[in-house]
Amino acid sequence: MAGASTVGNDVDIDIGALFASLWRSKWRILLGSILLTGLAFAALSSVSPKYRAETRILIETRESIFTRPTTQQADDRAVIDQEGIKSQVEVINSSDLLKRVIVKLDLGKNPELSAGAEPSAIGRFFGEVGIGKNPDVETRDDYILQGVRDRLVVYAVQNSRVIVVQFSSKDPALAAAVANAIADEYIATQQASKSQSNEDATGWLQPEIDDLSKRVKEAEAKVAAFRSSSDLLIGQNNAVLATQQLSELSSELSRVRANRAATEAKAESVRTALANGAAVETLPDVMASPLIQRLRERQVQLNNDIADQSSTLLSGHPRIKALRSQLADLNQQIRLEARKVQGSLESEAETSRLREAQLMRSLDELKAQSSRAGEEEVELRALEREATAQRQLLESYLTRYREASSRIDRSSMPADARIFSRADRPIEPYFPKIMPMTVAAFVASLLLLSILTLLRALFTGAALRPAYNAREVLPEPVPPALPLSPATLAISGPEETPRPAIEPPAKEALTVPVQADHSGVANVAARLMASGAARAVVVSPEGDEASALTILLVRELADRGVRVILIDMTGSGEIGRSMLDEKNLPGITNLLVSDKHFSDVIHPDHYSQAEVIPLGNHDPAKAMQSVGRLPMILNALQSAYDLVVIDGGAATVKELKHIIADGTELILCVVDPDDPDVVTTAKAVFDAKLLQPELLTAFNKEQLRLDGGRIVRSA
């Protein structure tokens, strides 16, 4: 068997073939889009243009300080909420309002609106022969009303109190006239509604006022009759006379009690001083007596005389004795006068007690009278409250009646709305927009035809390719002459459909320039970047010595800003270990058997920005069984990196076929052109008509050519 065969029918979508089918059909898609766009342009040009006019109405309370009722304050005005705005939209859409506009503008004679109301010729014929019936006047009005509704759009602007009235018509003048007429009729309806409310209010208030006037008179008459019958006289501060007298008598009783207590206290103080033999002349009430004051003056004079005489006379002198005798009589007389003051205070206290007793008797009598007056006053206040309530209600009704009667005139009733933007005659139609719609038709047709082309490629199988299944793939036998290595096993894979290859130049000998190491690496890196290759396969027939140039190439690409990854499939794994400081890390063999994930096998180069997938540490024999996963792995890496470099070591042409795909560059690393392995590999590459290789060697400014099965130098 030449290779491995699949036993399943799994397929993958070939994105390249899918878009290639789209590119092959580009002219058919373009011509079809132009044709469809032309048909759309013709259809739009044949449509009668329609014009739209709009009037904007602001819903607000328009009462001013001059027209607002006196009982209504500025803060008492009703706030129009969103529900109220929606209600006004329904009022504008009402049939009654639209019918009045139809009559006002005589829209029944308009051909555009009355077209649906006119019966067809067949309908008129059936009506004449009696099979059907002709539409009557009411039915015709309903058709016209429906025609107006179909062209009318009324909506409230979100988060505002603005209502927009839009009307569409083939006649721009009619569109503006109907929109303005509907707005004017709405304002008139609002004013008429307010005027009607005032008329209804006056009609209801008039009989209520007459009835209230009678009830107020009756209530006030009851109050006057009860006051006269109960003898409830009103004193000061609208208080009943008995209650006022009781208050005054209570105040007088309190004053008398206070005076009695003060008089008794004064008499007791004088009595205590006399009983204890104390000097009574120090008491304020005793000193207030004029006689005590004169006696006190005489006492002071005698003391002065005794003092003067004592300076010249002895105590036994008759003059001194006479003065002291007069002083003793004077002191006795002062105490007698103090007892008289005490008696006077006691008499005053007794008088206060008698006055207090008399006031208590009068107070008891007034309490009884006040109690009776209080009971009668409760009933009187109830009658007064009823009369007051009736009077206040009558006054409020009279105020409202006067305000309502003064605002019956419609001109004095501003509507709670105003037109702040009237409709003007539109200049351009809103439908059809020929140019934008034609462009949209072209884009839509282009997109539709592209989708149909892609679907056709999918359904016919032109954009499908067989899918690899690792469990259904067997390794291709390797000739015994070639040594088996992990790299050889990994490169070997199922037979694939031959891909188109670039033919080598038709010459007897192929001449390739050979440059120095670093300049050669730079040139190859420049060629890879210029070609836009997604994959580069490096073949080193001489082994690890030539593969060392691959490391220089990868690092050169990384230094130039290319996101590059190197896959070590040389068999020895020396490239990966040298770039990773001799570390034996997981690599491609682990990835083939799904032992590790991509993140586990991709490692950064220690000396550049490149990344490396080493050979790995898994058993090569087991990795060979999952070799069918290799194309999928390479495609996944190509989607993540700018360039995927695969160093296959001393791989054969048969092994290279399975890792070379579209967009692949083949690089041949040569150190000794005379090496038989180099000659064999180079000849096999050219004979197999693979991609033309670039010879990367260590020679400087020499030419190598393949001549008669040998690579020879030439000047």
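Strand 13 (residues 664-669) is largely enclosed by the rest of the structure, because 6 of its 6 residues are buried. Here, buried means under 20% relative accessible area, exposed means over 50%, and partly exposed lies in between (1.4 Å probe, protein chains only). Helices (H or I, at least four residues) and strands (E, at least two) are DSSP runs, numbered from the N terminus.

This is a predicted model, in which local features need pLDDT of at least 70 and side-chain atom pairs count only at pLDDT 80 or more, while totals for chains, interfaces and linings use all residues. Residues are numbered from 1 along each chain as its sequence is written, and side-chain values use heavy atoms, with hydrogens and water left out.

Let us look at both faces of strand 13. Thr-664, Leu-666 and Leu-668 are buried on one side, and Glu-665, Ile-667 and Cys-669 are buried on the other. Which strand pairs with strand 13? Strand 8 (residues 535-539) does, in the parallel sense and over 5 bridges. Two strands count as paired if DSSP finds at least two bridges between them. Within this pair, Arg-535 stands opposite Thr-664.

Now for the charged side chains. Side chains of opposite charge can pair when their charged atoms come close. A salt bridge is a side-chain nitrogen of Lys or Arg within 4 Å of a carboxyl oxygen of Asp or Glu. How many salt bridges does a search of the whole structure find? The answer is 17. Here are some of them:

| Salt bridge | N to O distance |
|---|---|
| Glu-185 and Arg-100 | 2.7 Å |
| Glu-112 and Arg-151 | 3.2 Å |
| Arg-555 and Asp-605 | 2.8 Å |

Take Glu-185 and Arg-100, whose side chains meet in a salt bridge. Glu-185 lies in helix 8 (residues 172-230) and Arg-100 in helix 4 (residues 95-105), so the pair ties together parts that are 85 residues apart in sequence. Glu-185 is buried, at 14% relative accessible area, whereas Arg-100 is partly exposed, at 35%.

Next come Glu-112 and Arg-151, another salt bridge. Because Glu-112 sits in helix 5 (residues 111-114) and Arg-151 in helix 7 (residues 137-151), this pair ties together parts 39 residues apart in sequence. Glu-112 is buried, with 19% relative accessible area, and Arg-151 is partly exposed, with 23%.

The side chains of Arg-555 and Asp-605 also meet in a salt bridge. Arg-555 belongs to helix 16 (residues 544-559) and Asp-605 to the loop between strand 10 (603-604) and strand 11 (611-613), so parts 50 residues apart in sequence are tied together. Asp-605 is buried, at 5% relative accessible area.

Finally, Arg-257, Arg-260 and Glu-356 are linked in a network of salt bridges.
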